[in-house]
Amino acid sequence: MSPPGHDNNSEIGDVDPETKRIPAEALVVADRLRDEYGIPTVRQMPPLEELVLTILSQNTNDVNRDRAWMELRDRFPTWEEVLAAEIGEIEEAIYVCGLAKAKASYIVGALRQIKEETGKLNLDYLSDMGPDEAHEYLISMNGVGPKTAAIVLQFSLGIPAFPVDTHVHRVTKRLGLIGEKVSREKAHEILADMFPEERYLDVHINIIRHGRQVCDARRPLCQNCILNDICPSRTV
Ligand code: SF4
């Protein structure tokens with residue numbers, strides 16, 4: 001099989017806008033990763049909890065995200081208590097995950113907006129919206145970008161959305177599924193068009209696993225990679 005996209009002049013990995021044809025290479029990648037890493041099982045949290053957890057996860061690792069989450073929930077068991085707290089107390093509780101000042105203001109801002117607009121402190125009403133409306137609503141919040149919105153939609157509400165984190169962005173670029181200059185933001189749209197909706201979850205999670213275990217940012221282990229025969233960036 002030739003490397004992805006090598007047989008035409010379009011951007012590597014482009015989805016045909018007329019037919020929405022899914023590139024065969026994308027499905028090969030999805031299937032091989034599923035064979036290697038399996039079908040992931042995921043935790044399902046209510047959407048507001050998922051939103052706050054995902055804000056905490058920005059620019060940090062899972063361990064520190066989880067420590068910040070536990071501390072926040074221990075100190076303020078309800079969202080009402082978070083809203084009533086001093087912002088400095090929130091920053092202190094989530095300090096371990098970094099960017100505490102910004103993240104505390106995003107969390108409190110989101111809670112305030114939700115409370116003002118609905119009188120409640122949950123995001124359950126998102127499931128009554130269409131995917132685009134729910135996406136627009138989430139990204140209208142300060143500190144919520146396309147990745148955070150997609151995680152809430154896909155993981156918590158089962159509304160199809162393809163989140164692109166740093167691993168997904170790097171690995172799909174190396175595989176030639178998206179072009180070199182495609183931004184992470186733009187990659188959300190391209191990859192959502194490229195994979196079938198029912199595969200978003202396993203592809204997203206398995207690409208992250210592959211990025212962590214094999215296709216490392218600095219030292220990709222191409223000799224051990226199950227995709228090296230189709231990867232235009234392989235080093236061996
Ligand atoms: S062959 Fe190398 S660069 Fe390509 S996906 Fe595998 S580890 Fe990454």
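This is a short tour of a predicted model, moving from its domains to one helix and then to the ligand. Residues are numbered from 1 along each chain as its sequence is written. Because the model is predicted, local features need pLDDT of at least 70 and side-chain atom pairs count only at pLDDT 80 or more, while totals for chains, interfaces and linings use all residues.

Begin by colouring domain 1 (1-42 + 160-236) and domain 2 (47-157), whose bounds come from an automatic or database domain assignment. Their C-alpha centres lie 28 Å apart, and the contact between them (C-beta atoms, placed from the backbone, within 7 Å) takes eleven residues from domain 1 and nine residues from domain 2.

Next, select helix H1, residues 24-37; helices here are DSSP runs of H or I with at least four residues, numbered from the N terminus. Show Glu25, Ala26, Val29, Ala30 and Leu33, which are buried, meaning that 20 or more other C-beta atoms, placed from the backbone, lie within 10 Å of their own. They cover an arc of only 140° around the axis, which puts them on the same side of H1; the arc is that of the directions from the helix axis to the C-beta atoms. The buried residues of H1 pack against helix H10 (184-194) and helix H11 (200-213). On the face turned away, find Ala24 and Asp35, which are exposed (12 or fewer such atoms). Just after H1, stop at Gly38, which takes a positive phi of about 90°.

Finally, select the ligand: among the 14 residues around it, Cys215, Pro220, Cys222, Cys225 and Cys231 come nearest, where a residue counts as near if its C-beta atom, placed from the backbone, lies within 6 Å.

Methods:
Helices (H or I, at least four residues) and strands (E, at least two) are DSSP runs, numbered from the N terminus. The expected span of a helix is 1.5 Å times one less than its number of residues. Two residues are in contact if their C-beta atoms, placed from the backbone, lie within 7 Å.
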